[in-house]
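I opened a notebook for this structure and wrote down what I looked up, one topic at a time.

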Amino acid sequence: MKIVHAASELFPFVKTGGLADVCAALSKSLAGFGHEVSFILPAYRQILESEAFKKAKLKVVLQIELDQDFLRGEVYALSLGKRQTLYVVRRDEFFDRTYPYGNPGRDYDDNDRRYIYFCKAIVETMHLLDIKADILHCHDWQTGLAPLMLRMEEQESGISLALKTFFSIHNLAFQGLFPSRSFRFTNLPEEFNAVDGIEFYEQMSMIKGGIFFADKIMTVSPNYAKEILTPDFGCGLEGALQVREDDLIGVANGIDTEVWDPSSDDALPAFYSKGNLAGKKACRSLLLDEVHLPQTEKPVYGMICRLTEQKGLDLLLRQMNFFVKNDCRLIILGMGDQSYERALKRWVKAHPNHISVSLRLDENMSHLVEAGSDFYLMPSIFEPCGLNQMYSQRYGAVPIVSAVGGLKDTVVSILDDPEKGAGISFEPTDEGLKGALNQSLKLFDDKEAYAKAQKNGMERDFSWKKVARQYEELYSDSI
Ligand code: ADP
């Protein structure tokens, strides 16, 4: 099949979250199965400055209509490997910036124009390059209007651009909502500025484009696919999603088992595997040294995430005393809301021997945190899929997760199944997290039970190969 993916992030070029990892691993796996995979991405500054871009070839010049203007753009091609081409849409006015979506604390004011432009550019690129795709698979709100715009362009030109369109929701909390006056940049007929179009409570919703106009809607775990049909998790879009329920499919993400492999991970001081965990001790020891915490026999808890409400920071902040009281170590790597950053810094100042917080993006350190931790914390309020709970199982750090979204699909709790359990899950409440933390102390004391949980996790197959086969089947069943 000819498969085109379009998204606003792709590892290792541009990444703010799991979307980048998923896009990279999925397209790599599909190309590995023999499919012709194209990926369309905005040419952000990180791309323009990358080594790979030095070899990029200019393919086509775009002329994109945005309200009453016609804006030029260029599409460059970069080879990502066998059967994988990356097309980057270059318009420096929009994409040559330090961050993809906004400066810290504030989104860019022209994100409506930037991403409407990108949606149009996706369709135009497919047209001008004459890709004739079997599948166009768009990811998240930044590409939400592309499935609709593709059909409009097909109608206008009489040319088939893609047989079927898929739209993936990686996180329904991010919807691409803009004032209704932004609708004019779409140049779509006014009939789409309606409740069964992309209007959302007198605003314009880019994610609604994907939800209503893609042939299939996907999300990143079976449990999240069920949750988003309810008011608790539907973020106001549960009604729209219910309309498309028959075409909504949840497939849990996989992980890149080559990038995340403790037996060959260059970011670690020593390698280890499920048969021989000796190297994990060296990782633990180096991790504690690196974050200036004293060595200890007590459990080390790790956490790597965006510091936002979603990730359960409120819950965690109310349990911080647990780590101090029990002489444990808590190591957090993340960036995010200033209020959380400040609150965490205060804890570090007050308890420098127990708590460490690294407020930065650091890919290498994220590997060391997974390898050096005894437990991995993920007290999310909601979690479409989550990746770190899978990384942590592979790295022998027993995950402590709230029982929501993909965390429910990917972590078997020892409380439910002591034989196969590989983590501890809890309801995301104060009582729930407190209970789970106490449970983890008990588990750590019972060396045999702890080793079993570690081993169960390390034995799980979270590889993308398995997951990508499900996508392949869904694509081929749809055409
Ligand atoms: P989300 O996409 O909601 O942020 P996921 O768990 O799906 O959450 O994916 C987050 C990804 O980003 C993981 O690979 C995680 O390790 C990584 N990550 C988050 N914060 C940081 C950070 N500060 N440094 C390095 N990696 C990070």
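**Entry: helix α13**

I began with the buried residues of α13, which are Met365, Ser366, His367, Leu368, Val369, Glu370, Ala371 and Gly372. I note here that the model is a predicted one. The helix runs over residues 363-372, and because eight of its ten residues are buried, it is largely enclosed by the rest of the structure. I then looked up what surrounds it. The buried residues of α13 pack against the helices α9 (278-290) and α14, and against the strands β15, β16, β17 (355-358) and β18 (375-378). At the start of the helix, I found a side-chain oxygen of Asp362 within 3.3 Å of the backbone nitrogen of Asn364.

**Entry: the ligand**

Which residues come nearest to the ligand? I listed Gly18, Arg306, Lys311, Arg360 and Asp362, out of 18 residues around it.

Next I looked up single atom pairs. A side-chain N or O atom of Asp21 is 3.2 Å from an oxygen atom of the ligand. Asn388 places a polar side-chain atom 3.2 Å from an oxygen atom of the ligand. For Arg360, the atom concerned is a backbone N or O, at 2.7 Å from a nitrogen atom of the ligand. On its own the ligand has 560 Å² of accessible area, and the protein covers 92% of that.

I also asked which elements give two or more residues to the shell around the ligand. They are α1 (18-32), β15 (300-307), β16 (329-336) and α14 (388-394). The largest share, three residues, comes from β15. By residue type, the shell divides into six nonpolar, six polar and six charged residues.

**Entry: domains**

The domain assignment gives two entries for the chain: domain 1 (2-254 + 464-478) and domain 2 (278-458). I looked up the separation of their centres, taken over C-alpha atoms, and it is 33 Å. The contact between them takes 19 residues from domain 1 and 17 residues from domain 2. Going back to the ligand, I noted that its shell draws at least three residues from each of the two domains.

**Entry: Tyr301**

Is Tyr301 buried or exposed? Its relative accessible area is 0%, so it counts as buried. The side chain of Tyr301 makes a polar contact with the side chain of Ser440, at 2.6 Å. I also looked up a pair along the chain: Tyr301 and Val259 are 42 residues apart, and their C-alpha atoms are separated by 22 Å.

Gln84 lies in strand β5, residues 84-90. Its relative accessibility is 11%, and because the cut-off for buried is under 20%, Gln84 counts as buried. Leaving aside neighbours within four places in sequence, I found Gln84 in contact with Ser27, Lys28, Ala31, Val37, Leu78 and Ser79.

Phe212 lies in helix α6, residues 206-213. It is buried as well, with a relative accessible area of 17%. With neighbours within four places again left aside, its contacts are Val195, Asp196, Gly197, Ala240, Val243 and Arg244. Between Phe212 and Ile116 there are 17 Å, C-alpha to C-alpha, and the two are 96 residues apart in sequence.

**Entry: backbone geometry**

Last, I looked up backbone angles. Most residues other than glycine have a negative phi, and most peptide bonds are trans. I therefore noted the exceptions I came across.

The peptide bond from Phe11 to Pro12 is cis, with omega near 5°. Pro12 sits in the loop between β1 (2-6) and α1.

Asp140 is not a glycine, yet it has a positive phi of about 65°. I found Asp140 in the loop between β8 (133-139) and α5 (146-157). At 9% relative accessibility, Asp140 counts as buried.

His292 also has a positive phi, near 60°, and is a residue other than glycine. The place of His292 is the loop between α9 and β15. Is His292 buried or exposed? I found His292 exposed, with a relative accessible area of 66%.

Note on methods: Residues numbered from 1 in each chain as written. Predicted model: local features only at pLDDT ≥ 70, side-chain atom pairs only at ≥ 80, totals over all residues. Heavy atoms only, no water. Near = heavy atom within 4 Å. Polar contact = N/O pair within 3.5 Å; in protein donor to acceptor, adjacent residues only side chain to side chain. Areas by Shrake-Rupley, 256 points an atom, 1.4 Å probe, with all protein chains shown as cover. Helix = DSSP H or I, 4+ residues; strand = E, 2+ residues; numbered from the N terminus. Nonpolar A, V, L, I, M, F, W, Y, C, P; charged D, E, K, R; others polar. Domains from an automatic or database assignment. Buried < 20%, exposed > 50% of the residue type's maximum accessible area, 1.4 Å probe, protein only. Contact = heavy atoms within 4.5 Å.
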